[in-house]
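The following account considers the chains of the model in turn, together with the contacts between them. Please keep the sequence and the coordinates in view while reading.

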Amino acid sequence: MQNQDKEFMEIKMQENRRSSQSLLGYLFIAPSFILMMLIIIIPTFVIVFLSFTDWSFGDPEFAYIGFENYITLLEDEVFMTSFWNTIYFMLLVLPLSIIIGLAMAILINSVTKGAKIYRAMFFLPVMASQVAMGIVWEFMLHPTIGLSAHFFSIFGIENLSLLENSSTALTTIAVLTVWQFAGFNMVLFISGLATIPKDLYDAAKIDGAKSFFSKFWLVTWPMLGPVTLFVSVYTLVRAFQVFDYIHVLTKGGPNHSTELLSYTLYVEGFEYFRAGYASAIAVVFLLLTLTITLLKTYYFEKKVHYK
Amino acid sequence: MSALSIKNCTKSYGDVQILKDINLNVKKGEFLTLLGPSGCGKSTLLKIIAGLDTQTSGEVLIKGRDVTNVDPTNRNISMVFQSYALYPHMSVYENIATPLKTRKLNVMQKMPFVGKFINNAKETLNDIDKDVKEVAEKLNIIHLLDRKPSELSGGQKQRVAIGRAMVRNPHLFLMDEPLSNLDASLRVQMRTEIAALHRELDETFVYVTHDQEEAMTMSDKVAVMMDGVILQFDTPHNIYTNPNHIKVAQFIGSPKINILYAKSFEDGKIYLNGKDIEYKLKDSEFTELSLGVRPEAFKLVEEKTNKSIKAVIKHIENLGSHYLLYVKIGLEEDICIVKVNDINEHKIDDIINLEIKTKKMLIFDAKSGQRIYGDKNAGK
Amino acid sequence: MITIDLKKLLKHLVLSFSAFLFALPFIWMILTSFKPADEIFSKEFSIFPENWAIIENYTAAFTKTDLVGFLYNGFVVVTIIFIIQMLFSIPAAYAIAKLRFKGSKFFFTLVLFSLLIPQFVFAIPVYFELHLIDMLDTYTSLIFPWTISVFSIFLIRQFFMTIPDDLLYAARIDGMNEFTIAWKIMLPTAIPAIIACGIVSVVTHWNDYFWPLIAISNDALYTPPLGVTYFKDEMSGTDYGPLMAAATIIVAPLVVAFLAAQEKFIKGLSSQAGMK
């Protein structure tokens with residue numbers, strides 16, 4: 001009789017403990033859950049919903065218009081320019097920031113003195129406000145009194161305005177972006193390089209890989225596969241969200257040549273307050289981001305995973 | 001001309017001297033083991049032979065040629081690493097083919113898709129294919145050619161590493177503790193395989209290990225290294241029966257050799273615990289002695305004799321084919337291990353009588369550790 | 001031996017030159033903030049100022065606009081955001097890492113999903129939410145969207161997962177209640193993660209431009225990045241000396257903090273990449 005009582009009490013205690021854990025669990029996640037819903041989850045669904053309406057901010061009512069917004073997007077010259085600008089921008093920023101980041105990582109890895117200082121200097125741009133540094137760059141690139149002006153005048157080129165010239169503006173901003181991103185990528189590559197076993201380089205030397213390049217193709221590049229992949233994804237996602245430079249320096253001009261999706265979204269949503277239309281742009285934005293990230297997950301599992 | 005010759009080689013990193021005046025001569029087809037505890041410099045020496053590291057002074061000659069300034073690629077050597085160092089992103093086939101491909105294909109031919117079509121690369125690739133398959137056949141890994149290293153067991157990875165080393169038919173095989181990462185039973189199996197491989201290929205092997213059993217069972221010659229010097233360079237048998245230094249004697253042999261403290265006087269006689277064990281030294285200048293007595297060099301006698309010594313049994317291990325008695329001899333601090341075939345109903349705490357088989361006894365100077373020799377006619 | 005030194009020298013040359021190029025905007029920004037207007041605009045090119053105008057430029061930066069106010073706003077907003085984030089994220093992370101309850105997996109899935117949504121997507125609805133409760137153009141509007149940090153929940157959870165369950169069982173048997181466990185055992189372990197979250201949060205929100213741009217119109221509430229653009233507009237693009245001074249002041253706090261705690265910054269900011 002006493003043993004049964006004991007067991008019963010133990011089970012009761014365990015249940016109490018479990019339910020107290022449950023209660024606590026829900027309590028702990030409650031605030032975060034509510035905030036997540038309010039700030040991220042519900043808004044995402046709202047955006048998708050809004051993209052099928054014609055609502056403008058401040059309108060008392062709105063109508064459901066199906067895919068009309070999306071069709072308008074395809075016919076909107078500004079949007080299509082913005083879209084292709086964004087693609088061009090990403091295609092420029094991605095390889096450059098990776099190549100420079102990787103090159104610097106390899107160099108820093110191979111020197112013993114000063115590594116920390118070099119690393120710090122490359123990483124500085126990551127920390128600094130895009131707005132502040134954008135303004136500094138604008139000054140530096142000023143056609144007459146900027147640093148670049150003095151530099152170009154050595155070659156006899158006067159009055160070259162990179163940011164006001166529709167054929168060079170976007171590329172210039174891409175270069176600024178690479179300047180900001182390369183240091184971050186470099187740091188990721190440095191930690192990637194550290195994981196490569198030294199033995200492999202010894203084996204490669206004995207197998208006949210003498211030059212830097214043969215060792216790079218045989219050992220370094222393949223072993224960096226996973227790192228390169230997620231650096232690429234991260235760079236693409238970030239490049240996608242570049243906004244500050246555009247708003248502060250060019251406002252999408254000259255002639256929409258520096259118009260990027262993030263900026264177009266801003267203009268439609270917060271200057272023209274065409275919420276429905278802007279939502280459609282946001283959905284496009286979201287789909288592109290998701291595609292990049294999901295492609296990476298798929299590719300990662302399939303090819304690069306050889307641990 | 002020897003296959004490998006090392007002359008007066010030293011290696012220092014800043015103030016620290018890793019190798020101090022190494023001299024070595026290896027004949028063609030010999031299996032040499034560099035044996036020693038961690039930190040003795042054996043791996044460093046191997047890397048210097050390979051060309052992965054450069055000596056501070058001295059010469060390395062492979063087949064009579066000074067290779068000091070020659071790349072590892074051009075020394076005609078191969079190496080098997082402790083961690084196997086297989087390229088994780090390549091299949092077994094590709095791993096083994098790499099040494100051949102890197103050498104025989106030029107830059108253009110190595111390009112991913114188009115390389116095959118350049119300059120008769122196809123022919124070279126066919127030759128390479130034959131070589132790879134031949135090696136895989138020999139090592140019994142032909143069914144693994146498509147797998148990646150992560151899909152292989154330790155023993156299989158080991159074979160692939162050996163295959164990669166074999167495929168170029170080098171003059172010199174270097175092995176850096178290749179069996180350390182395998183479990184005990186696999187190690188014993190791989191030992192025989194490597195020894196068989198050596199016989200078949202009839203090439204020169206330089207093998208590094210800290211495991212004295214490996215050294216004893218596989219080698220033609222062993223170089224026992226400690227603290228950057230080669231203490232003894234001889235056949236395994238001689239190193240076991242005729243060590244030239246107490247450190248060598250202690251490193252080789254399992255269970256470890258017993259060291260007893262003894263004294264000797266002008267008459268050259270040796271006294272252990274005050275007892276004359278009826279053995280004379282050649283030179284009477286040594287007075288403090290360390291006697292090395294291997295477990296099998298003790299004899300268990302039932303009755304006390306003139307030269308027997310008393311010991312107390314502290315622990316008995318029954319290994320089936322023989323017993324190991326852990327005993328305390330006289331006033332000696334350390335436990336000694338005695339190997340006997342029968343214990344005649346002795347048990348723990350019994351007092352027993354032991355005689356030393358003086359012919360097998362190894363005498364060392366207690367101060368320097370150097371081997372001392374007894375009078376030829378001493379001992380019965 | 002000569003060949004080796006040449007290689008090393010070349011590497012250092014390339015690195016130094018590149019590092020210099022990368023740091024150039026900062027160097028130029030600071031140098032310009034020391035120069036008087038006539039030197040900035042002169043056709044003559046000079047690296048260093050001939051006449052030093054530090055005091056004038058920096059004074060102008062502080063007096064022509066409420067730079068102090070902008071900095072203050074920045075500090076307040078960044079600090080409050082971080083505190084609230086930690087207040088909510090740490091318990092949530094603990095819950096999904098160590099407590100067993102039905103909604104645990106679902107919540108974690110929500111967290112993973114939320115990590116993928118960029119701020120441009122939820123900006124419009126959140127803006128509208130704030131508009132509905134008439135809280136736009138306030139500190140609350142600056143802070144509210146960032147009170148949730150799914151990144152922090154994720155990172156701290158990963159840290160908590162490394163604590164062996166056995167340790168917690170032992171503590172429970174010893175009689176500790178859940179709160180004590182959370183405070184005395186879990187929290188100290190998570191400090192490196194909290195520091196990393198702090199760094200990411202502070203850097204992100206000090207430099208955030210997009211959200212304050214749309215949420216705030218009252219210049220008394222401007223955060224530092226907004227403040228600098230305000231400055232730029234006010235100066236109608238001619239007072240470069242004070243403008244560069246203002247930029248230096250905005251950028252300085254983070255740069256100095258970074259140089260003081262390089263490892264922590266680098267570790268912290270890189271952990272963000274691992275999430276994606």
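The radius of gyration is here taken over C-alpha atoms, and the rule for a globule is 2.2 Å times the number of residues to the power 0.38. A compact globule of 276 residues would accordingly have a value near 19 Å, but chain C has 24 Å. The model is a predicted one, in which local features need pLDDT of at least 70 and side-chain atom pairs count only at pLDDT 80 or more, while totals for chains, interfaces and linings use all residues. Residues are numbered from 1 along each chain as its sequence is written, and chains are lettered from A and ligands numbered from 1 in the order in which they are written.

Chain C contains 14 helices and zero strands, where helices (H or I, at least four residues) and strands (E, at least two) are DSSP runs numbered from the N terminus. Along the principal axes, the C-alpha atoms of chain C fill a box of roughly 75 × 70 × 30 Å. Of its 276 residues, 44% are buried; a residue is buried if 20 or more other C-beta atoms, placed from the backbone, lie within 10 Å of its own, exposed if 12 or fewer do, and partly exposed in between. Contacts, for which the C-beta atoms of two residues, placed from the backbone, must lie within 7 Å, can be sorted by sequence separation. In chain C, residues 24 or more positions apart account for 76% of the contacts with a separation of 6 or more.

Chain A has 13 helices and zero strands. Its radius of gyration is 27 Å, whereas a compact globule of 307 residues would have one near 19 Å. The box filled by the C-alpha atoms of chain A is roughly 105 × 75 × 35 Å along the principal axes. Buried residues make up 46% of the 307 residues of chain A. Of the contacts in chain A with a separation of 6 or more, 70% join residues 24 or more positions apart.

How do these two chains meet? In the interface, 76 residues of chain A are in contact with 74 residues of chain C. Helix 1 (residues 2-50) of chain A gives the largest share of the chain A side, 20 residues. That side divides into 57 nonpolar, 17 polar and two charged residues. In this classification Ala, Val, Leu, Ile, Met, Phe, Trp, Tyr, Cys and Pro are nonpolar, Asp, Glu, Lys and Arg are charged, and the others, Gly among them, are polar.

Chain A also touches chain B, through a contact that takes 16 residues from chain A and 20 residues from chain B. On the chain B side, strand 6 (77-80) and helix 2 (92-104) each supply at least two residues. Helix 2 of chain B provides the largest share, four residues. By class, this side of chain B has 10 nonpolar, seven polar and three charged residues.

Chain B itself is assigned domain 1 (4-246) and domain 2 (258-372), with bounds that come from an automatic or database domain assignment. The centres of the two domains of chain B, taken over C-alpha atoms, are separated by 42 Å. Their contact takes four residues from domain 1 and seven residues from domain 2.

Chain B also holds an open sheet of five strands in the order 15-19-16-17-18, with antiparallel pairing; two strands pair if DSSP finds at least two bridges between them. Strand 15 (298-301) and strand 18 (336-340) of chain B are the edge strands, each pairing on one side only. Within the sheet, strand 16 (residues 309-318) and strand 19 (residues 351-356) of chain B pair in the antiparallel sense over four bridges. B:Lys310 has B:Asn353 of strand 19 as its bridge partner.
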